Each structure stands twice: as C-alpha cells, then as structure tokens.
Amino acid sequence: MHAVTSWRDSATQQAQDDLDGLLDASLPFAQEMLDKHGEFFPYAVAVSRSGETMQIAGDPGEGEQPSSVAVLQTLVEGLRAERATLRAAAVVSDVRLSDSDAIRVELEHAEGHAIVVLLPYRKKRLRRGVEYGETSAGQGERQIWE
C-alpha cells in the first residue's frame, strides 16, 4: 500500500503560507454574502509578488445579473493576464453538489500547486442564516499558471 502524499510535502513554506492565507482571506466574504443575501457572485483573491492580498471582482460586461460562468471566465482570464505580478490566487464560487450547495475555492500557486476546497452549506428553513458542513480539499486543476 502506498502512502498518500500531501501537496505540502512538495510545497515551499512560502507556497503553503500563501495558499493558507488565501483560503483564510477568501472564505469569510463568501460566508458573509451567504448570511446576508443567500448567494454571491464569483470573485477572486490574489497575493502579489510583494505579498499584498487583494480581492478582485470580475465584470464580463453583461449588466447587473451576469452569468456566473461569464464572471468566472473573466476572473480567470484577468488573473492569467496578471500572473507575472502574482504569487498565488483563489477563485471563489457558489456551486451545487449532489446533496447540498457549497462554497468552492480554487487555489493556485505560481509554483504549480492547485487545490480545490469545498465548504458545503444549507440555508436554514425557518430561521434566517446558513449552516455549514465540513470542509474538504482535493487536487485542483491549474488554470492561471498552466
């Protein structure tokens, strides 16, 4: 039986810190939007080469109700165009799983690591608010630093 290796085994401390920091920076805003509005448009969070964390919105030019797919495409294209100035990026979206909704965070680092984190949630029926499940993570797909 082979031991499962973690992405952390091959990542530098900088990459681990960048990706951990991005996850910490990206989830709270999604949770806040879900708690207040019951939904959110996709957005991104990135770490610049100098270590500055910034939140990024994507506007595909479709008016006030753009499709999530168009917003995601705009975000990825924008991050790809700026990748020389970035160390890491996260793209956050609201997705439907087989048994619940989830916040999906696609994390990617210039070193080549790509991770997907899912935080399932359910909207409470009678009381307002959102109930969150257990976070899970897995291998992601590189989109920005291909």
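So, confidence: the mean pLDDT of the protein is 89, with 96% of residues at 70 or more; pLDDT is the predictor's confidence in each residue, from 0 to 100. This is a predicted model, so to speak, where local features need pLDDT of at least 70 and side-chain atom pairs count only at 80 or more, while totals for chains, interfaces and linings use all residues. Residues are numbered from 1 along each chain as its sequence is written, and side-chain values use heavy atoms, with hydrogens and water left out. Confidence is lowest in strand 2, at a mean of 90, and highest in strand 4, residues 101–109, at 96. Helices (H or I, at least four residues) and strands (E, at least two) are DSSP runs, numbered from the N terminus.

Okay, helix 2. At 1.5 Å a residue, its 15 residues should span 21 Å, and the end C-alpha atoms are 21 Å apart, which agrees; the expected span is 1.5 Å times one less than the number of residues. Its buried residues are Ala70, Val71, Leu75, Val76 and Leu79, where buried means under 20% relative accessible area, with a 1.4 Å probe and protein chains only. Those buried residues pack against strand 1 (43–48), strand 2 (53–57) and strand 3.

Let's pick one of them. Why does leucine 75 count as buried? Because its relative accessibility is 3%. Beyond its neighbours within four places in sequence, leucine 75 is in contact with Pro42, Tyr43, Ala44, Ile56, Ala57, Gly58 and Val91; contact means heavy atoms within 4.5 Å. Glycine 58 sits 17 residues from leucine 75 in sequence, yet their C-alpha atoms are 5.1 Å apart.

Now, the spaces. On a 1 Å grid over the protein atoms alone, a cavity is a set of points where a 1.4 Å probe fits but cannot get out, and a pocket is an open set with protein on both sides within 12 Å along at least five of seven lines; lining residues have an atom within 4 Å of a point. Volume is the space filled by probe spheres set on the points, which are joined across faces, edges and corners.

The largest pocket holds about 340 Å³. Its lining has 18 residues, with Glu39, Phe40, Phe41, Pro42 and Ser68 nearest the centre. Helix 1 (13–37), helix 2 (68–82) and strand 3 (86–96) each give two or more residues to that lining.

And the cavity? The whole structure has one of 30 Å³ or more, and the largest cavity holds about 60 Å³. Strand 4 gives the most to its lining, with three residues.

How values were computed: Buried < 20%, exposed > 50% of the residue type's maximum accessible area, 1.4 Å probe, protein only.
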